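Here is a friendly briefing to read alongside your model. Please have the sequence and the 3D view open as you go.

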Amino acid sequence: MGDLSENFSWWEFECKCCHKVNIDPELVEGLEDLREVLQKKIIINSGYRCKEYNKKVDGVWDSRHLITDAADIISPGCDSAELCMAAEQIPVFQGGGIGFYPGTRFAHVDCRSKPSRWKRVNGRIVGMPLDTWTMPKELRDAYKGLKKQAMTLEEMAAFMDVEPARALLYVDELARKSLVAKRKDGKFDLLERLA
Ligand SMILES: [Zn+2]
Ligand SMILES: [Zn+2]
């Protein structure tokens, strides 16, 4: 039990330098929902930042971490792509900001009022279009392995060689990109082939 919400406490969101903290309740609610989707705990890598600390970590001048509605998060056993895909399922993050850091275990989420997506490529932050912004190599490869129509989730998981929980995240992401569709009988059809 946290002192901020069911699973989170104030100290987790404190600025790393001065321990000041101020956090938007919307962010905390979103993180609780994300925890539900992941079925795993979430560790706050960076929550609130004061101006000085934001400068020190090379944060952008208008960082949402200053505005108190952002967090950089980690979850045991998840990589950045998996965190981003799960965050897409939470309305407040889907309508807000999600940052993908390929090759790392963390992702950024925030509750800004307009959707924004970006990806770190060769050390630089690159803005991405909403519909195609995250197609991690791993997911691309898994998708290419799919051959059949009318697959069950278990069959897809076997094809992709991942756990069913991760396959479900992949399938949601593929559905968002209109690459698969769920049938009435609960199975999935491939709609398109990737080049
Ligand atoms: Zn500080
Ligand atoms: Zn961040």
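Residues are numbered from 1 along each chain as its sequence is written, while chains are lettered from A and ligands numbered from 1 in the order in which they are written.

- H19 is found in the segment before helix 1 (25-38); helices (H or I, at least four residues) and strands (E, at least two) are DSSP runs, numbered from the N terminus.
- Q39 has a positive phi too, of about 60 degrees, and is not a glycine.
- Q39 is in the loop between helix 1 and strand 1 (43-46), and it is exposed, with 9 C-beta neighbours inside 10 Å.

**Confidence**

- The mean pLDDT (the predictor's confidence in each residue, from 0 to 100) is 87 for the protein, and 89% of its residues reach 70 or more.
- Where pLDDT is low, the predicted coordinates should not be read in detail.

**Around Y101**

- Y101 lies in the loop between strand 3 (97-100) and strand 4 (106-110), and it is buried, with 20 C-beta neighbours inside 10 Å.
- Leaving aside neighbours within four places in sequence, Y101 is in contact (C-beta atoms, placed from the backbone, within 7 Å) with S80, F106, A107 and R120.
- K119 is 18 residues from Y101 along the chain, yet their C-alpha atoms are separated by 5.8 Å.

**The largest nonpolar core**

- This core has 41 residues, of which C84, A87, A107 and V109 touch the most other members; a nonpolar core is a set of buried Ala, Val, Leu, Ile, Met, Phe, Trp, Tyr and Cys residues joined through C-beta atoms within 7 Å.
- Helix 4 gives the most to this core, with 6 residues.
- Domain 1 (10-127) and domain 2 (137-190) both give residues to this core, so it lies between them; the domain bounds come from an automatic or database domain assignment.

Definitions and conventions:
This is a predicted model: local features need pLDDT of at least 70, side-chain atom pairs count only at pLDDT 80 or more; totals for chains, interfaces and linings use all residues. A residue is buried if 20 or more other C-beta atoms lie within 10 Å of its own, exposed if 12 or fewer, and partly exposed in between; C-beta atoms are placed from the backbone. Two residues are in contact if their C-beta atoms, placed from the backbone, lie within 7 Å.
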